[in-house]
Amino acid sequence: MAVVRSRSRMPRPDSPDFHDPFQAFLSRVTRPIEFACRDAYAHLSMVRNLDHFVSEQVIGALGERVYPQPLETELLSLRNLFVDFHTRLTPVEQQDRLRQALVLLSRLRGRAQDIDQSVPASKESPALPSPLRSGHARPLWELPIQFAKGVGPKRALLLERLGVHTIEQALWTLPWRYDDRSVVTPVDKLVPGTTHSVCGVITHTEATRARFRRLSILDVTLQDATGTVHAVFFNQPYLEDVLKEGVRVMMSGRAVAGRRGWTDVRLETTQFEVLSGGEDELLHVGRIVPIYHETKGWTSRQMRVLMQGLLAEYGADLVEVLPLSVRVRHRFPPIGEAMQQVHFPPPKTDLAALDHGRTSAHRRLVFEELFLLQVAMVLRQQETKAELKAFRFNPHVAQLKQLAQILPFTLTPAQERVFREIEADMVSSRPMNRLVQGDVGSGKTIVALHALVMACGSGCQTALMVPTEILAEQHYLNLTPLLEAVGLKTVLLTSGGKAKERNDTLKQLESGTAQVAIGTHALIQKKVRFAKLGLVIVDEQHKFGVLQRKTLLEKGYRPDVLVMTATPIPRTLAMTVYGDLDVSVIDTLPPGRKPVRTLLYTEGQRYKTWQLVRDELKAGRQAYIVYPLVEESEKVDLKAAIQGAEQLQREIFPQARVGLLHGRLSSAEKERTMAAFKAGTIQILVATTVIEVGVDVSNATVMVIEHAERFGLAQLHQLRGRVGRGAHQSLCLLMATYLAREARARVNRDGGPEQTVSPAQQRLAALVKSNDGFVIAEEDLRIRGPGEFLGLRQWGVPEFRAANLVRDAQLLEQARQEAVTLLEKDPELTLPQHQDFKAAVFRRWRGKLALGDVS
């Protein structure tokens with residue numbers, strides 16, 4: 001048995017290999033491969049460890065110097081031939097791999113002259129500029145798309161709608177799905193219930209309009225040598241000018257039986273491609289075809305033609321930015337190969353893997369995007385921790401001891417742990433940049449209060465910024481007595497109020513006589529100045545834009561930052577949006593709290609809802625009834641809430657006092673209403689979503705949410721959090737007015753129930769099933785996708801061209817680990833082999849991470 005050893009044998013001084021390490025490498029690798037091939041592969045079964053041997057030899061050779069990219073690609077291809085050589089391959093497949101390896105080794109010998117142009121991979125090597133192998137004067141990220149062949153100024157404007165301004169952005173505009181048009185089925189072989197592609201000539205078209213509905217119908221008859229098939233297009237009247245008699249087309253769709261059974265087959269949900277007979281026709285048929293997002297005036301067909309031209313002309317100029325060690329470890333293909341395969345997949349590629357972004361080419365591009373971001377985040381975190389702050393806070397101030405004596409409870413173990421983490425940040429010489437996550441009712445505010453008292457007791461001021469006036473007023477009313485008791489002056493600053501009172505508040509902040517400012521976005525206005533701002537607390541973080549938070553930070557010299565959110569952030573979002581923040585989690589509720597029971601009712605079950613509310617009112621409890629309020633239909637929604645309150649008072653609960661709270665009321669009216677509800681003189685509070693966060697009335701035990709299907713999942717969870725704050729069992733009653741009707745309507749054309757469930761049904765089912773905000777957040781992200789999850793602009797979620805935070809969570813974890821590992825070895829990315837990568841990180845993220853010190 002021949003066991004291949006990984007130990008390299010030095011060539012003798014009289015050997016030509018002694019003076020050429022690359023030739024020595026080729027000789028070492030070739031010997032066992034030739035031995036395995038000798039005598040018609042008679043010795044193949046005797047060879048062991050060939051996979052490990054070739055891998056180590058290739059990695060060793062790549063570590064000796066920086067090779068030209070084509071040669072580097074060949075070396076990695078050699079390694080990939082043997083990765084699964086002894087584990088998965090049959091003897092016949094092993095023989096084929098050996099033949100391929102010998103051809104590749106022969107080609108590598110012929111390229112030996114390229115080695116003279118390579119540079120040793122040592123730390124002393126100068127930084128290498130990104131090569132432009134095709135001779136273009138500018139890199140792809142600087143080349144405007146309008147100068148690409150076939151584009152020009154007018155088409156460039158169309159591509160700009162798709163976010164494409166440069167050649168590089170165009171190449172990174174990936175297909176969103178794929179059609180397998182490699183197999184064309186004769187019409188007489190179509191099988192109902194399966195998807196097929198057919199090719200033929202249109203022999204007849206008939207456009208009709210339904211009499212009682214605004215519905216246009218275009219019936220197209222397609223004929224090939226074996227028969228005819230019908231395809232129907234709804235509400236696409238413009239197709240009459242495209243799908244004309246005599247036009248040759250390929251159509252793909254699901255075959256279904258017509259009125260006469262299997263002899264009358266038609267195509268449903270049809271995709272089509274007009275066949276022009278031109279040179280580029282093979283781009284659109286006879287293969288797996290990429291489908292791109294379109295815009296008016298620019299089709300997926302045009303994008304395919306453009307991509308073919310761009311890959312041919314600029315594919316060689318794509319810069320390989322992933323470090324070699326990372327590519328080898330994850331077995332990623334080179335950038336050029338990956339880009340080619342994503343846009344034009346090889347035959348027989350798994351269509352499901354393509355559509356779900358699971359091919360090795362897709363994974364490589366996804367990983368590159370995520371890796372660039374994670375390295376940028378870790379660099380930003382390092383920068384923040386390297387800065388010095390103006391104040392180091394004293395953890396032993398007398399006010400903290402006084403606060404502990406005043407509070408009627410002690411901190412839970414989770415709250416205590418999180419405060420110790422905050423305290424450690426505040427006493428250090430580095431600025432705190434910490435995110436505190438906690439579910440609704442977990443007690444984040446009391447933890448923030450301890451940090452606030454510690455900062456003010458150390459001689460600094462604190463700003464607490466919240467998203468709504470109601471929440472600001474709630475915090476002010478709840479915290480002021482506690483803060484006054486420990487000798488701290490608190491002011492409230494919102495956009496409302498009288499000018500004289502406002503000016504007086506501004507003077508107190510500027511002079512330092514007020515230590516604590518609680519307010520909305522009014523805190524970031526230019527006129528607001530602090531004497532010595534040392535701590536900034538941002539509550540309900542996702543409600544603010546990054547620029548708003550940054551403006552507040554600039555009012556103090558590197559103040560400590562404490563960010564709080566009761567909207568739990570899925571781990572994938574936390575790693576992207578808050579990748580440069582330290583994270584603390586309050587993972588338990590205060591003792592005595594009971595999980596809120598959540599029930600889902602339809603309009604026909606409303607009597608059950610009102611009976612449950614009556615039962616709670618009889619027991620001396622209070623209730624919220626919430627109506628949706630959205631900008632698009634604000635007037636109608638507000639009217640519904642007002643009418644709802646009147647009807648409840650007059651017809652349903654005449655013995656109870658019903659109050660109304662909405663955003664159009666003045667601050668004084670809101671304050672009076674909330675005070676009355678808190679005092680118990682109002683038993684039922686009808687409100688719009690202004691009570692979503694911060695309202696705390698422990699005697700309120702029932703929450704009715706009207707038109708629950710119109711709310712987002714995170715918003716529903718926030719609203720539910722307004723109850724369950726006392727020792728009594730609380731209820732959340734979801735009134736979904738259309739789900740029963742929708743369920744009856746969701747029947748497919750074949751008469752059976754449709755398998756899909758609407759997003760609204762998924763949201764409400766998730767809320768009924770779980771009380772855990774973190775589970776709900778993950779479910780919300782899954783249902784809505786990262787693009788919609790609470791709004792990209794609010795969260796500041798990075799925009800990706802290849803990655804999807806739901807689908808690629810595992811790759812994101814790997815990218816984070818690789819980022820940490822890379823920066824441990826090369827903290828400032830100064831090594832020559834990392835220069836292309838470093839340039840890509842700063843090119844992609846420098847502008848956006850200038851705001852990264854906030855989040």
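Me: Before I look at any residue, what should I know about the model and its pLDDT?

Reply: The model is predicted: local features need pLDDT of at least 70, side-chain atom pairs count only at pLDDT 80 or more, and totals for chains, interfaces and linings use all residues. Residues are numbered from 1 along each chain as its sequence is written, and side-chain values use heavy atoms, leaving out hydrogens and water. The pLDDT is the predictor's confidence in each residue, from 0 to 100. The protein chain averages 80, and 81% of the residues score at least 70. Over residues 6–19 the pLDDT is below 50, and that stretch has 17 contacts in the model beyond near neighbours in sequence; a contact means heavy atoms within 4.5 Å.

Me: How many helices and strands are there, and what share of the residues is buried?

Reply: Helices (H or I, at least four residues) and strands (E, at least two) are DSSP runs, numbered from the N terminus. The protein chain has 28 helices and 24 strands. Buried means under 20% relative accessible area, exposed over 50%, and partly exposed in between, using a 1.4 Å probe and protein chains only. Of the 855 residues in the protein chain, 51% are buried.

Me: Which residues of helix α9 are buried?

Reply: Look at residues 335–343, where I335, A338, M339, V342 and H343 are buried. They lie on the same side of α9 because they cover an arc of only 120 degrees around the axis; the arc is that of the directions from the helix axis to the C-beta atoms. E320 sits in the loop between α7 (300–314) and α8 (324–330), and is buried, with a relative accessible area of 11%.

Me: How do I read a salt bridge within a helix?

Reply: A salt bridge is a side-chain nitrogen of Lys or Arg within 4 Å of a carboxyl oxygen of Asp or Glu. The structure holds 20 salt bridges. In one of them, E368 and R364 meet at 2.6 Å, N to O. E368 and R364 are four residues apart in helix α11 (residues 360–386), so about one helical turn separates them. E368 is buried at 7% relative accessibility, and R364 is buried at 0%. E416 and R420 also form a salt bridge, at 2.6 Å, and both lie in helix α13 (residues 413–427). Here E416 is partly exposed at 28%, as is R420 at 41%.

Me: What does R801 contact beyond its neighbours within four places in sequence?

Reply: R801 lies in the loop between α26 (792–795) and α27 (809–825), and is partly exposed at 31% relative accessibility. Its contacts include L162, W172, T173 and E369. R801 and E369 are 432 residues apart along the chain, yet their C-alpha atoms are separated by 8.1 Å. The side chain of R801 also makes a polar contact with the side chain of T173 (3.3 Å). A polar contact is a pair of N or O atoms within 3.5 Å; within protein, one must be able to donate a hydrogen and the other to accept it, and residues adjacent in sequence count only if both atoms are side-chain atoms.

Me: Where does R331 lie, and what is its phi?

Reply: Most residues other than glycine have a negative phi. R331 has a positive phi of about 55 degrees although it is not a glycine. R331 lies in the loop between α8 and α9, and is partly exposed, with a relative accessible area of 45%.
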